[in-house]
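Good morning, everyone, and thank you for making the time. I would like to walk you through one structure slowly, beginning with a single chain and then turning to the contact between chains.

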Number of protein chains: 2
Amino acid sequence: MNFSSKLIEDAVNEFSKLPGVGKRTALRYVLHLLKQNEAEVTQFGAALIKLRSELRYCSKCHNVSDQPICEICSNPHRDSSVVCVVEDIRDVMAIENTQQFRGLYHVLGGIISPMDGVGPSDLNVETLVQKAATGEIKEVIMALSTTMEGDTTNFYIYKRLKEFNLTVSTIARGISIGDELEYADEITLGRSIVNRTLYESTFSLK
Amino acid sequence: MNFSSKLIEDAVNEFSKLPGVGKRTALRYVLHLLKQNEAEVTQFGAALIKLRSELRYCSKCHNVSDQPICEICSNPHRDSSVVCVVEDIRDVMAIENTQQFRGLYHVLGGIISPMDGVGPSDLNVETLVQKAATGEIKEVIMALSTTMEGDTTNFYIYKRLKEFNLTVSTIARGISIGDELEYADEITLGRSIVNRTLYESTFSLK
């Protein structure tokens, strides 16, 4: 495509590096920005620059944070004996939105995936082991994706934590609320029968 | 959504102002940027700021340009007696990509749309009339969308240019290459029969 301006070409190239954005969508974004006033576009650009340069990660749970220790870790009302292990910060947001979990998190920053060249040393595993070694954690809840990579990571972390006196659990797998039984895959349906819950225990969520 | 960081929230809000981008997509973009190194993200932000602050419009055709007069207008090999009127700079790119037009452009910067509060005074119409008044233009080709707004704009510009000694034409409407006749709408099919072209004239494009 001929953009007739180097500035437009640069901006289109930058936008098209984003996931799922092609040249046409990028151009649509750029033309939209051209119609905005200068202050707004400057604010957009500045927000991106600040995002990467000023953002810090919580030294305890590796979640994003504006302070050295994030709001969740520094909240005295949360149960620090339960730690939920997640892949990335998006999962923290998703679980926080359910308002069902009052413990702390541990963000791995990825999952073990030999295909993508991600090994245990690329993840925040050592700090989790150190936390476990203090003896303050009673339960570690694994909340990773149900993929080959997720299962591998679950197993690796389980092996590393086995020596400590704590419980390792995984989030329940089963039929989603609203799903029809006949369309569920066999593994999910099988697991949902094996790991069935007492009918009374569903009342506590209501 | 709770973003656990003001910086992330700001960046998500900025991205979600883009057309067709919701909070979830914006968050996906932001998390992608967090994985890039700082220099790349700074370059992205800087490209956006420069885009809006340094971009100039060609004083002749109102196309975007890095110089006061754009590459198309300043090209001596192009036919300055034919002017193609388009809605925005995206249309210039689209027509340029066909490599079938050797004249100049005139970018209106929108179309007349009373519903959106856009009247003739919001568009670059006066400069087109001034160009026509010099007598150097032989033909004005209207290349606007076939909508109510496009037709209104076509008619308005036609009325304004009527007093000058020039031809006003519109781009051909008809069945797209590869389209099936039976699925074409009646107006398009009707126009394609009324404005049929000589079979020999299609050879020149091959």
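This is a predicted model: local features need pLDDT of at least 70, side-chain atom pairs count only at pLDDT 80 or more; totals for chains, interfaces and linings use all residues.

If we follow chain A from the N terminus, its elements come in the order α-α-α-β-β-β-α-β-α-β-α-β-α.

The domain assignment divides chain A into domain 1, covering 6–54, and domain 2, covering 64–171, and the C-alpha centres of these two domains of chain A are 34 Å apart.

What does the overall form of chain A look like in numbers? Its radius of gyration is 22 Å, whereas a compact globule of 206 residues would come out near 17 Å. Along the principal axes, the C-alpha atoms of chain A fill a box of roughly 65 × 45 × 40 Å. Of the 206 residues in chain A, 28% are buried, and if we take the contacts in chain A between residues at least 6 apart in sequence, 44% of them join residues at least 24 apart.

Let us now turn to the contact between the chains, to which chain A and chain B each bring 49 residues. On the side of chain B that touches chain A, the elements giving two or more residues are helix 1 (6–15), helix 2 (23–35), helix 3 (38–54), strand 2 (64–65) and helix 4 (89–98) of chain B. Which of these gives the most? That is helix 3 of chain B, with 15 residues.

Methods
Residues are numbered from 1 along each chain as its sequence is written. Chains are lettered from A and ligands numbered from 1 in the order in which they are written. Two residues are in contact if their C-beta atoms, placed from the backbone, lie within 7 Å. Helices (H or I, at least four residues) and strands (E, at least two) are DSSP runs, numbered from the N terminus. Domain bounds come from an automatic or database domain assignment. The radius of gyration is taken over C-alpha atoms; the globule rule is 2.2 Å times the number of residues to the power 0.38. A residue is buried if 20 or more other C-beta atoms lie within 10 Å of its own, exposed if 12 or fewer, and partly exposed in between; C-beta atoms are placed from the backbone.
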